[in-house]
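Work through the exercises below with the sequence and the model open. Each task is followed by a solution in steps.

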There are 2 protein chains.
Amino acid sequence: MNKPLILVVEDDTAVRNLITTTLKAHDYRFLTAANGESAVLEASSHNPDIILLDLGLPDMDGVEVIHKVRSWSNLPIIVISARSEDTDKIEALDAGADDYLTKPFSVEELLARLRVTQRRLTALQIGAANTEAVFTNGKLKVDYAAGCAFLDGQELHLTPSEYKLLCLLCKNAGKVLTYTFITQQIWGRSWENDVASLRVFMATLRKKLEKEPGSPQYIQTHIGVGYRMMKVE
Amino acid sequence: MNKPLILVVEDDTAVRNLITTTLKAHDYRFLTAANGESAVLEASSHNPDIILLDLGLPDMDGVEVIHKVRSWSNLPIIVISARSEDTDKIEALDAGADDYLTKPFSVEELLARLRVTQRRLTALQIGAANTEAVFTNGKLKVDYAAGCAFLDGQELHLTPSEYKLLCLLCKNAGKVLTYTFITQQIWGRSWENDVASLRVFMATLRKKLEKEPGSPQYIQTHIGVGYRMMKVE
DNA sequence: ACACATATTAAGGCGGTATTAAGATGCCGC
DNA sequence: GCGGCATCTTAATACCGCCTTAATATGTGT
C-alpha cells in the first residue's frame, strides 16, 4: 500500500504541528482541519485513510463530526481528547470512533495505534475469511501482500482504483457485488456519478485482463445489480 | 450474529470474576484461562470471537501469548494490563493487539471497546462469504448470497426478472402463489398486462430449468390461481 | 365440440450498459 | 512554485439485451 493519508482535526496549532511533524517523519501523508465543518468537508473530498480527531472543536462537538462522517463512510476514526471522563469515551466510541486517546498522549503510543489501524486496513483488503495472501483463478493471480496482479505470469499495470476493484471482486469471488457495495468499499460513498465511474473502471480493467472484453471470462455483469468474479477452472 | 464468545485471560481471580459477571450481565458468552498456556489452548480449541488478555501472567509474558495466537489467527485481542508504560503498550500493540486498556479500568469503557470490536467484526461479515443462504431442491440450487442459480451443477443464465421469480417460488416452496401476489412482489403492482408478462417469464424460466417443459417437474401450474414450486426428492 | 385458460413464439421499443474521448484533478520531480 | 505525467471524473454516444405486447397455438374442463 502507498503512504496512508491521515486527516488531522485539531484547533490547537501547537498540538497540530506536533502531530503533523511526527506523521511526516514516519512517512505518512496528511491533511489538516481546524474545525468541525472543514473536517467533514476534507473527509468527504479527499477520502483519507484515517482521521485523527480532537473532540474540543470551536464550531461543533467532535461527536457530531463522527456522526456526520459515519453517515456515509466507515473509515477509521481515532479520537484524541483532553476529556478523560468515561462518559466522554463511551459516547465517542458508541458514536462510531475506533479508538480513544486522552491528552496528554505519548507520540509513540499514537504511532503504535496508527499501525494497529493500518494493519486492520490491509487485513481488510486481504479478506477475513481466506487468509491466503495470493488469490489464484485460472490464469489470474493477485498477490495481496505485494499489491500486484498477474495474468498468465505477466504483471498487469493497474491503477490504484483498478487494483482495489479487482481485489474486491477476487476476495468475494463467486458472489454478485452490488454497485452500491462496490462504490462504498472503494470510495466510501455511493453517489449516482460513482456508478458511472465504476463502469469506466470496469471497462479499463476488463480491457487489461479479458482476452475478449466483449464476452468476459472473469468478470460477469449482472444487469440491474452489479458484477461478479467467475470461478474459472 | 449470536452472542459473541469472549476468552478472558486473567490470573487474578477477583478481576476475572468482575469481568465475567459483567460479560454475563451484558449477554456475552465467555471462557476463562488463568495462564498463558491454557489461554493459547482455549483460543485454538474453542475459536472465540474476542480475547481479553491480561499481560501479567504467571507462566509466560502476555506478549508471547499474542505472538502465538497471531501465528494462526487474527481474531481481535484487547489487552488489559496494570503496566501503564508507553513501551509496554507499544510492544503489545505491535505484537498484534487491537486495543490496550490500563488497570484500573472502567467497566463501562471496556464494554464500549468491546462494542467497537464487535461492530468491526460484523462489518467484515458483510463483505465476507459467510452467509450460507442456499436453497436446494432436487438438482436445483439457488445461492441467494451469490445471486445465482444452478441446475445439476451447471449455472443457469437468468435475467433479473427470471431470477426474482425463481427466488420468490423457492422461498415459498410448497405453497401456491397467486398471480397477483407474484406480480406485486416483482413489479410492486398488479395490472392485467403483468399477468401476461408473468406467463412469458414462466415459459422462459421453465425452458431453462425443466427438462421437459411440457410436464414440469419443479414449477406446477394451478389453473385459475397461480404457480407453485414442488418439493422434489 | 365449444369456451376458457394457459403456453408459446416473435417483434419492437426501451432502458441499462459499454465504450470512447475530452476535461479536471492530483501528484511528482525539478 | 511550476510543468508534465498519470489518474480520475464527466459527458456523450453506440450498442446490446431485456421487457413488453400481441398474435397464435395448445391444453383443459364442461
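Domain bounds, as used here, come from an automatic or database domain assignment. This is a predicted model, in which local features need pLDDT of at least 70, side-chain atom pairs count only at pLDDT 80 or more, and totals for chains, interfaces and linings use all residues. Residues are numbered from 1 along each chain as its sequence is written, and chains are lettered from A and ligands numbered from 1 in the order in which they are written.

**Exercise 1. Domains of chain A**

Task: State into which domains chain A is divided and describe the contact of domain 1 with domain 2.

Solution. Step 1: domain 1 of chain A covers 5-126, and domain 2 covers 134-229. Step 2: their C-alpha centres lie 30 Å apart. Step 3: domain 1 of chain A gives 6 residues to the contact and domain 2 of chain A gives 5; two residues are in contact if their C-beta atoms, placed from the backbone, lie within 7 Å. Step 4: on the domain 1 side of chain A there are 3 nonpolar, 3 polar and no charged residues. Here Ala, Val, Leu, Ile, Met, Phe, Trp, Tyr, Cys and Pro count as nonpolar, Asp, Glu, Lys and Arg as charged, and the others, Gly among them, as polar.

**Exercise 2. Chain A against chain B**

Task: Find how many residues of each chain are in contact, and which helix of chain A supplies the largest share.

Solution. Step 1: 27 residues of chain A contact 26 residues of chain B. Step 2: α4 (86-95) and α5 (107-126) of chain A each supply at least two residues of the chain A side. Step 3: the largest share, 7 residues, comes from α5(A). Step 4: the chain A side has 10 nonpolar, 7 polar and 10 charged residues.

**Exercise 3. Two helices of chain B**

Task: Are α6(B) and α8(B) roughly parallel or roughly perpendicular to each other?

Solution. Step 1: the axes of α6 (residues 160-171) and α8 (residues 192-209) of chain B come within 10 Å and cross at roughly 85°. Step 2: the two helices are therefore roughly perpendicular; angles under 35 degrees count as roughly parallel, over 145 as roughly antiparallel, 65 to 115 as roughly perpendicular and the rest as oblique. Step 3: S161(B), E162(B), L165(B) and L166(B) of α6(B) meet F201(B), T204(B) and L205(B) of α8(B).

**Exercise 4. DNA strand D**

Task: Which residues come nearest to DNA strand D?

Solution. Step 1: a residue is near a strand if its C-beta atom, placed from the backbone, lies within 6 Å of it. Step 2: of the 18 residues around DNA strand D, T159(A), N193(A), T159(B), S161(B) and N193(B) come nearest. Step 3: the residues of this surface divide into 8 nonpolar, 8 polar and 2 charged.

Key:
Axes fitted to C-alpha atoms, helices over the stretch in contact; angles between N-to-C directions. Helix = DSSP H or I, 4+ residues; strand = E, 2+ residues; numbered from the N terminus.
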